[in-house]
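Please look over the sequence and the model shown here before reading on. The report is meant for someone meeting this structure for the first time.

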Amino acid sequence: MAPLDAAALAGSTEGMAALRRLVDEVLRAAQAGARRRGGPVAAGGPAAVAERNSDLLAHVLPLEGLSDTEALVPLAEAFAWGSVDLASPSTAAFLQCPPLTVAAAADLVVSTFNQSVDVWDSGPFPMELEKAVFEQLRVLTGLPEGTTGVMTPGGSIANLLAVIIARDVRGSALCGVGLTEEGLQATPRRLRVVCSREAHISVDRAIAAAGLGNAAAVVVETGADGRMSAGAVHAALAALPADHVPFALLATAGTTDLGAVDDLPALAELAHARGMWFHVDAAYGAGMLFSPRMRPLFAGIEQADSITLDLHKFAWQPASSSVLLVRDGRHFRPLRREAAYLNPRDDEQAGLPNQLGHTLETTRRADVLKVAASFRCLGRRGMAELIDHCHAMARHAERLVAGHPRLRAAAPVTLTRLVFRYLPRRPELNDQVNAGLRRRLLTEGSAVIGRTTRVVEGAERTHLKLTVINPMTTTQDIENLVAGIVAAGEAEERAIQEQGRR
């Protein structure tokens, strides 16, 4: 490639013209790659993906540079071929959404201008746009005026920030020590965080990363429906030694497996009566708040001190588009730092805002643009219609499973996820067949479904998961997918039997 010129810099006027040309070529290559894939995932498994692209992978850093087209077009074709097709109705494993076209286009604008939403002079309009989006999310969740937020690179980071803030705000108050200044070593008392057995893995990691240690998690068992109750939390708190200080209660609104929503009103009342921070991890469920029909499931979320929302789930955004809302914006104070080269006090006094005190990040991508574009494109009613449709398709899958003799659901559908298992004719093969049929579908390239474990008659058994997050899914798509799962289960049973006879 020749030395860089203006056309190589995306944000320049020349660069945008070059970008338009390059995007057309890249999209043609990506379409070709997707057509060659032929299904929701490339057949053959990891070895096939690596082998097909071995030459490309071996020359990622050549001695001499290539033109932009030569560099990117083959990668785009390989990327599309080797990607999971999230727009396929046979992709139903994770809460990984097919992004809206308008959001993907907005993402290109974000990358082109590369703004950073940390200080006003690094991203003037994105900083104002975040305020507008947070206000709409405040109204959506029912939180009061004075609520503010921050966009984060995923719900895991939002949960971590919530634990850190809760530690320094409520932990300090309950221990009588300024933990932001003095640190955990300043108190002989042991800080504890209460969460359910069904809490997301990020909660456990957040507790450890906040310096509290793995032992700080007080894990509460849930009912068969996956919900954490106030009674179970009360019993867990009553069993704690006197020197243990529970400073935060972390509830879930949409658990990872069953999509269960904890008893938010009762948990909020309990937490606040004890002076605890009440955080709701609604990474999965928050998008459901757009639907008037689904909204009653989340009663009590408006009493939270903080809420995690993942808009790259049920707002169909390219990753990442997560938000942490905090009921009282002043509680972000533990994260506040001042640097002369970023946010000098006189700049703030002169009216130049910054968001540095709301996050652990400095450079922060302007992901808010794609969110705002999608909100404007769909509106409240459009969002609600897509959510209600996904819920209806999950309920249709539930009915199919209930009506099939070789399938059994672990629990009723709450949001858009169904956990179930294939019932082999020899029950002792449950784990082997269910794990194997999922891998069979993947290797064939015919479907992508999830897996987990659930307790059945006192023992953990491998289960399968269908997650309906594609708003274009039809009843016929669901019927085809369930039929394919049954066929894969039967094939896996036969293969195991044949292997046993050898």
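## Basis of the report

This is a predicted model, in which local features need pLDDT of at least 70 and side-chain atom pairs count only at pLDDT 80 or more, while totals for chains, interfaces and linings use all residues. Residues are numbered from 1 along each chain as its sequence is written, and side-chain values use heavy atoms, with hydrogens and water left out.

Helices (H or I, at least four residues) and strands (E, at least two) are DSSP runs, numbered from the N terminus. Contact means heavy atoms within 4.5 Å, and buried means under 20% relative accessible area, exposed over 50% and partly exposed in between, with a 1.4 Å probe and protein chains only.

Helix 4, residues 68–81, has 14 residues and reaches 20 Å from its first C-alpha to its last, close to the 20 Å expected at 1.5 Å a residue, where the expected span is 1.5 Å times one less than the number of residues. Its buried residues are A76, E77, A78, A80 and W81, and what covers them includes helix 1, helix 2 (45–52) and helix 3 (54–58).

Helix 1 and helix 4 pack with their axes 7 Å apart and at an angle of about 30 degrees; axes are lines fitted to C-alpha atoms, for helices over the stretch in contact, and angles run from 0 to 180 degrees between N-to-C directions. The two helices are therefore roughly parallel to each other, given that angles under 35 degrees count as roughly parallel, over 145 as roughly antiparallel, 65 to 115 as roughly perpendicular and the rest as oblique. Helix 1 passes helix 4 in a right-handed crossing, a crossing being right-handed if the near helix is turned clockwise from the far one by less than a right angle, and left-handed if anticlockwise. The contact involves R21, L22, E25, V26, A29, A30, G33, A34, R36 and R37 of helix 1, together with D68, T69, L72, V73, A76, E77, A80 and W81 of helix 4. By class, this contact has 10 nonpolar, 2 polar and 6 charged residues, where Ala, Val, Leu, Ile, Met, Phe, Trp, Tyr, Cys and Pro count as nonpolar, Asp, Glu, Lys and Arg as charged, and the others, Gly among them, as polar.

## Helix 1 against helix 5

The axes of helix 1 (residues 13–37) and helix 5 (residues 101–113) come within 12 Å and cross at roughly 140 degrees, and the two helices are therefore oblique to each other. Their crossing is right-handed. M16, L19 and V23 of helix 1 meet L108, T112 and F113 of helix 5 in this contact, which has 5 nonpolar, 1 polar and no charged residues.

H244 is found in strand 5, residues 244–252, and is buried, with a relative accessible area of 15%. Leaving aside neighbours within four places in sequence, H244 is in contact with R190 and R192. G226, in the loop between strand 4 (217–220) and helix 10 (230–238), is buried with a relative accessible area of 0%. With neighbours within four places in sequence left aside, G226 is in contact with E198, T255, L258, A260 and D262; the C-alpha atoms of G226 and E198, 28 residues apart along the chain, are separated by 6.7 Å.

T414 lies in the loop between strand 9 (407–409) and strand 10 (417–422) and is partly exposed, at a relative accessible area of 24%. Apart from neighbours within four places in sequence, T414 is in contact with L258, G259, M294, L297 and H391.

Most residues other than glycine have a negative phi, and most peptide bonds are trans. The peptide bond from A319 to S320 is cis, with omega near 5 degrees, and S320 is found in the loop between helix 12 (311–314) and strand 8 (322–326). W316 is placed in the loop between helix 12 and strand 8; its phi is near 55 degrees, a positive value in a residue other than glycine, and W316 is buried, with a relative accessible area of 0%.

E457, in the loop between strand 11 (448–456) and strand 12 (459–467), has a positive phi of about 50 degrees although it is not a glycine. At 83% relative accessibility, E457 counts as exposed.
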